[in-house]
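Please read this report with the sequence and the 3D view side by side.

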Amino acid sequence: MKRTVNGACPLDCPDTCAWQIEVEDGRAVRMRGRKDHPYTRGSLCGKVNRYLDAVYAPDRLTAPQRRVGEKGEGRFQQIDWDEAIGLTATALQGTIDRHGPEAILPYYYAGTLGAVQGWSLGQRLFKHLGATRLGTTICTGAATAALNATMRRPVGLDPEDFAHSRLILIWGANLLSSNMHQWHFIHAAQQAGAHVVAIDPLPTDTAHRCDDHLQLLPGTDGALAMGLMGELVAAGATDEEWLAECAEGWPELRARLADWDAARAARICGLDVLEVQALANRIITTRPTAIRMGLGLQRHGGAGAAYRAIVVLGAVTGDFRHVGGGVLPETAGRFDDVTIDLEEPAGLLLPAARTINMSRLAEALTDPALDPAVRAMVVWNTNPAATVPDQVRAHRGLRRDDLHLTVLEHRLTDTAMFADVVLPATMQTEHLDIHPSYGHHYLTLNLPAIEPIGECLPNTEIFRRLATALGLDHPRLHDTDEELVRQFIDTAEARERGITFESLSETGYARVDDLRGTAPHAHGGFPTPDGKLHITVPSLAAEGLDPIPGYTPSFEGGDHELAKRFPLILISPAQRFFLNSTFADLPGHLKMTGEPTVFLNAEDAAERSIEPGDAVEVANDRGAFPCVAAIHPLARRGVAWSYKVYWAKDTGGLNVNATTPVRDADMGGSPTFHDNRVDVRSLEAVATSERP
Ligand SMILES: Nc1nc2c(c(=O)[nH]1)N[C@H]1C(S)=C(S)[C@@H](COP(=O)(O)OP(=O)(O)OC[C@H]3O[C@@H](n4cnc5c(=O)[nH]c(N)nc54)[C@H](O)[C@@H]3O)O[C@H]1N2
Ligand SMILES: Nc1nc2c(c(=O)[nH]1)N[C@H]1C(S)=C(S)[C@@H](COP(=O)(O)OP(=O)(O)OC[C@H]3O[C@@H](n4cnc5c(=O)[nH]c(N)nc54)[C@H](O)[C@@H]3O)O[C@H]1N2
Ligand SMILES: [Mo]
């Protein structure tokens, strides 16, 4: 029997594609992007085209396991579900009895962006227990804090309306890798004569397809935005009428901009003043101008300030008046009226508890002063042993004998290797879910296409069983997946738009607004209480932050003393055929990706006698990882890169995160992955120097 099932790509990516799976005799045989979906437009990306490889991979976990070897050794024994749930429940209850509930750390992230399998019963259970809360900062901490301060929730111009833009700035995003479907709309504008500019320290594929590329020094974006705004003010090109009507706190910034111009920005950013001046002139003369902001630029010390400055740059021109003008950071705020957060339902007791910043996991697990120490962790939808900063220390923490670790996973990841109990979870092909998006305006339903592989269970079912084993019978801990989907869209706005479980089961996806082809912020309309864009934010002063947008230098990037020992700034951006560490175990994806590589400027390589193809070590005081050297003709001197994130266990035990810092950016407790100084040595040299 053959049938086609509608679903959604679950990955942590702005595109949230609508897909269709062909099922024959109970087996998923083909997957394709939905042709009628305005954003997916029929194509899936190179990595998700092979999603079924991941579903049927021989390394898929199909039964619960308990550890029999040493921590981290990876020796497990198959057990049944009752025993696995029992072991975890006993560890959690024992921790509560001996150390209190805050000694439990639930640890989750966006392995799936589904509201049901990602952000519902697990959070409910641990919050209800009074466990430590998790600060979910690892990806967008600084951006979220900056956007919340400026517009309360992230909104902006419609991603599909980029086709109407005449000047497009792609700022700190490698769209062809990390938001591929956006490129269609940008390319359409480019074909129609729009000028497209990349602002990125790296010579990315995306930059290659742009008309200009400003290859600035990492972490200097705030200065560039300030310099450009200084030029706009000097040229009388700001839209004072729009600013008076739709913004708060412009006069304060305007006064500060008297000190900023293209020359000052160029000096800080390591750019030619003519390049900055030329971009300023284009912005001054081109309506509509659109800015697509990426997340790469906010993995630096001054990220929050930079994010605020760029948003404001996109607004002071009055571009929000025009269809295809303004700024697009991300679209999550568009779903607020249509959906309901599932984590904290009414009627369920949710005692207050401390919060641990997930990006500081290495510290949380090894800091002797932390009271109570973390004694039990349950991990789902994330692979921190591969993806958190300061990996050497994180692994030391995960190896602790007095830490009980349960991991819900599809496969034996770096993190699962450290587990006491591993619980096999269903993949998107096998469970129900519903997906908002951070890159477009469509809500997508995912229907299960096949039966679970082996004994796999959905995360939600695992948490229901865990609640039962802990003697917790509150109905909100036992909602079914369908009930959770229905709760998620139980809003007046959804009903008004005819968005229901039934309608989505029929159509697969639905648009959540009527904003396409309009200029939603022509007269404000931001989610702030007064509908205005908040340029100066007085309340930030209480957090020790500058209320007025400005430039905050990066930490390691701007540290000239540290640069003497570690001359290279290492950026570790998205890899085209992995999604963070997801797919990094699959032969097909690995083949497309190649081995771990550090890309260097030719002079930087020559100085170190490094030839392309040499085995090298990338190192700093935190740690080191092995990889192969490559030289890129357009690499900037002093700036290197190595893509995230290989499985550490497959690459000598450590990956790029052996070098990245546990250090919060200026806002949002954000990690600073790209604000990382290193040096690179050929492994031959390492071997010689370590010989006695
Ligand atoms: N194929 C693929 N797609 C992905 C992911 C993946 O791993 N693989 N990851 C997903 C996730 S979780 C996220 S958060 C997004 C991330 O996607 P992006 O927002 O694209 O973020 P990054 O890949 O970190 O960095 C993007 C670009 O920012 C540049 N950059 C680094 N530092 C600076 C800086 O100081 N200034 C400027 N202007 N640019 C800088 C980098 O060189 C890089 O080219 O992508 C998602 N999509
Ligand atoms: N050096 C460096 N490190 C980085 C970054 C960087 O730019 N540079 N980027 C950071 C960013 S932006 C992010 S978002 C983080 C992300 O880091 P992680 O959250 O660790 O993301 P993944 O590595 O994709 O791991 C997700 C895991 O969830 C599992 N999973 C997926 N769906 C399900 C499910 O339904 N049930 C269960 N139980 N498991 C599931 C997958 O199998 C996978 O192992 O990494 C960060 N790490
Ligand atoms: Mo992310």
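This is a predicted model: local features need pLDDT of at least 70, side-chain atom pairs count only at pLDDT 80 or more; totals for chains, interfaces and linings use all residues.

Two strands count as paired if DSSP finds at least two bridges between them.

**A three-stranded sheet, β18 to β20**

Start with the sheet of β18, β19 and β20. The sheet is open, its three strands follow the order β18-β19-β20, and the pairing is antiparallel. β18 (433–435) and β20 (509–511) each have a single partner strand, so one side of each is left without a neighbour in the sheet. From one strand to the next, the twist averages 15°.

How many bridges link β18 and β19? Three bridges do, and β19 spans residues 442–446. The two strands pair in the antiparallel sense. Ile 434 has Leu 445 of β19 as its bridge partner.

In general, strands of a sheet pair through backbone hydrogen bonds, in a parallel or an antiparallel way.

**A second sheet, β1 to β3**

Now turn to β1, β2 and β3. These three strands also form an open sheet, in the order β1-β2-β3, with antiparallel pairing. Its edge strands are β1 (2–8) and β3 (27–33), and each pairs on one side only. Here the twist averages 25° from one strand to the next.

Strand β2 covers residues 18–24. Six bridges join β2 to β3, and the two run antiparallel. In one of the pairings, Ile 21 has Met 31 of β3 as its bridge partner.

**Ligand 1**

Which domains supply the shell around ligand 1? Domain 3 (157–328 + 522–543) and domain 4 (560–687) both give residues to that shell, so ligand 1 lies between them. The shell holds 35 residues, and Ser 178, Asp 200, Gly 219, Asp 221 and Phe 578 come nearest. By class, 16 are nonpolar, 12 are polar and seven are charged.

Polar backbone atoms reach nitrogen atoms of ligand 1. The backbone of Phe 578 supplies one, at 2.6 Å. Another belongs to Gln 575, at 2.8 Å. Ile 199 places a polar backbone atom 3.0 Å from a ligand nitrogen. Taken alone, ligand 1 exposes 910 Å², and the protein buries 98% of that.

**Ligand 2**

Domain 2 (65–134 + 342–432 + 445–489) and domain 4 (560–687) both give residues to the shell around ligand 2, so this ligand lies between them. In total, 29 residues surround ligand 2. The closest are Asn 383, Thr 387, Glu 409, Ser 581 and Thr 582. The shell has seven nonpolar, 18 polar and four charged residues.

At ligand 2, side chains reach oxygen atoms of the ligand. Thr 582 brings a polar side-chain atom to 2.6 Å from an oxygen. For Thr 382, the distance is 2.8 Å. An N or O atom in the side chain of His 410 is 3.4 Å from a ligand oxygen. On its own, ligand 2 has 910 Å² of accessible area, and the protein covers 97% of it.

| Ligand | Ligand atom | Residue and part | Distance |
|---|---|---|---|
| Ligand 1 | nitrogen | Phe 578, backbone | 2.6 Å |
| Ligand 1 | nitrogen | Gln 575, backbone | 2.8 Å |
| Ligand 1 | nitrogen | Ile 199, backbone | 3.0 Å |
| Ligand 2 | oxygen | Thr 582, side chain | 2.6 Å |
| Ligand 2 | oxygen | Thr 382, side chain | 2.8 Å |
| Ligand 2 | oxygen | His 410, side chain | 3.4 Å |

**Backbone points to check**

Most residues other than glycine have a negative phi, and most peptide bonds are trans.

Where does Arg 41 lie? Arg 41 sits in the loop between β3 and α1 (51–55). Its phi is positive, about 55°, although Arg 41 is not a glycine.

The peptide bond from Arg 287 to Pro 288 is cis, with omega near -10°. Pro 288 falls in the loop between α13 (273–285) and β12 (289–293).

Another cis peptide bond joins Lys 644 and Val 645, with omega about -25°. Val 645 is in the loop between β26 (639–641) and β27 (677–682).

How values were computed
Residues are numbered from 1 along each chain as its sequence is written. Chains are lettered from A and ligands numbered from 1 in the order in which they are written. Side-chain values use heavy atoms; hydrogens and water are left out. A residue is near a molecule or strand if one of its heavy atoms lies within 4 Å of it. A polar contact is a pair of N or O atoms within 3.5 Å; within protein, one must be able to donate a hydrogen and the other to accept it, and residues adjacent in sequence count only if both atoms are side-chain atoms. Accessible areas come from the Shrake-Rupley method with a 1.4 Å probe; for residues, only the protein chains shown count as cover. Ala, Val, Leu, Ile, Met, Phe, Trp, Tyr, Cys and Pro count as nonpolar, Asp, Glu, Lys and Arg as charged, and the others, Gly among them, as polar. Domain bounds come from an automatic or database domain assignment. Helices (H or I, at least four residues) and strands (E, at least two) are DSSP runs, numbered from the N terminus. Axes are lines fitted to C-alpha atoms, for helices over the stretch in contact, and angles run from 0 to 180 degrees between N-to-C directions.
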